[in-house]
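Please keep the sequence and the model in view while reading.

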Amino acid sequence: NDTTVDGILTRGLKYEHCFVIDNQAYSLLEPNDWMVVRNAESSKAIPSDWLDYRVAVRTAASDMKTKINAVSDVDALAALYVYNNANPPVRPLGEWPTEPTS
């Protein structure tokens, strides 16, 4: 949890983990933002697979932050990042979508 001591705000683990998720989402979307700009400036269509990807990144980020904010303690937060024995392994937090190849 966030705490304030002597007027100084210290952010908690949930905030910090959500901040990392937001930065990861940004780093996935920023390299293809040019398509959105091009569309806004010239109405050139954004390929549907890229639109789907961008929506999937935002959805994944939102889902991950919801899971982070729902935990009740540090152990539960850590457990979100633990991969299971599935093939391929998955973690409760979820994964980022794969960028289109086109």
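## A buried arginine and its partner

Arg91 counts as buried, at 15% relative accessibility; buried means under 20% relative accessible area, exposed means over 50%, and partly exposed lies in between, with a 1.4 Å probe and protein chains only. The side chain of Arg91 meets that of Glu95 in a salt bridge (3.4 Å, N to O), a term for a side-chain nitrogen of Lys or Arg within 4 Å of a carboxyl oxygen of Asp or Glu. Glu95 counts as partly exposed, at 37% relative accessibility.

## Basis of the description

This is a predicted model, in which local features need pLDDT of at least 70 and side-chain atom pairs count only at pLDDT 80 or more, while totals for chains, interfaces and linings use all residues. Residues are numbered from 1 along each chain as its sequence is written, and side-chain values use heavy atoms, leaving out hydrogens and water.

The structure holds three salt bridges. In one of them, the side chains of Asp22 and Lys65 meet at 2.8 Å, N to O. Asp22 lies in helix 1 and Lys65 in helix 3, so this pair ties together parts that are 43 residues apart in sequence. Helices are DSSP runs (H or I, at least four residues), numbered from the N terminus. Asp22 is partly exposed, with a relative accessible area of 37%, and Lys65 also counts as partly exposed, at 25%.

Asp33 and Arg54 form a salt bridge through their side chains (2.9 Å, N to O). This pair links distant parts of the chain, with Asp33 in helix 2 and Arg54 in helix 3, 21 residues apart. Asp33 counts as partly exposed at 27% relative accessibility, whereas Arg54 counts as buried at 7%.

## The buried side of helix 1

The buried residues of helix 1 are Cys18, Ile21, Ala25 and Leu29. They cover an arc of only 70° around the axis, which puts them on the same side of helix 1; the arc is that of the directions from the helix axis to the C-beta atoms. Among the elements that cover these buried residues are helix 2 (33-42) and helix 3 (48-70).

## Surroundings of Pro97

Pro97 is placed in the segment after helix 4 (74-79) and is partly exposed, with a relative accessible area of 24%. Leaving aside residues up to four places away in sequence, Pro97 touches Tyr53, Ala56, Val57 and Ala60, where contact means heavy atoms within 4.5 Å. Pro97 and Val57 are 40 residues apart along the chain, yet their C-alpha atoms are separated by 6.2 Å.

Conventions:
Helices (H or I, at least four residues) and strands (E, at least two) are DSSP runs, numbered from the N terminus.
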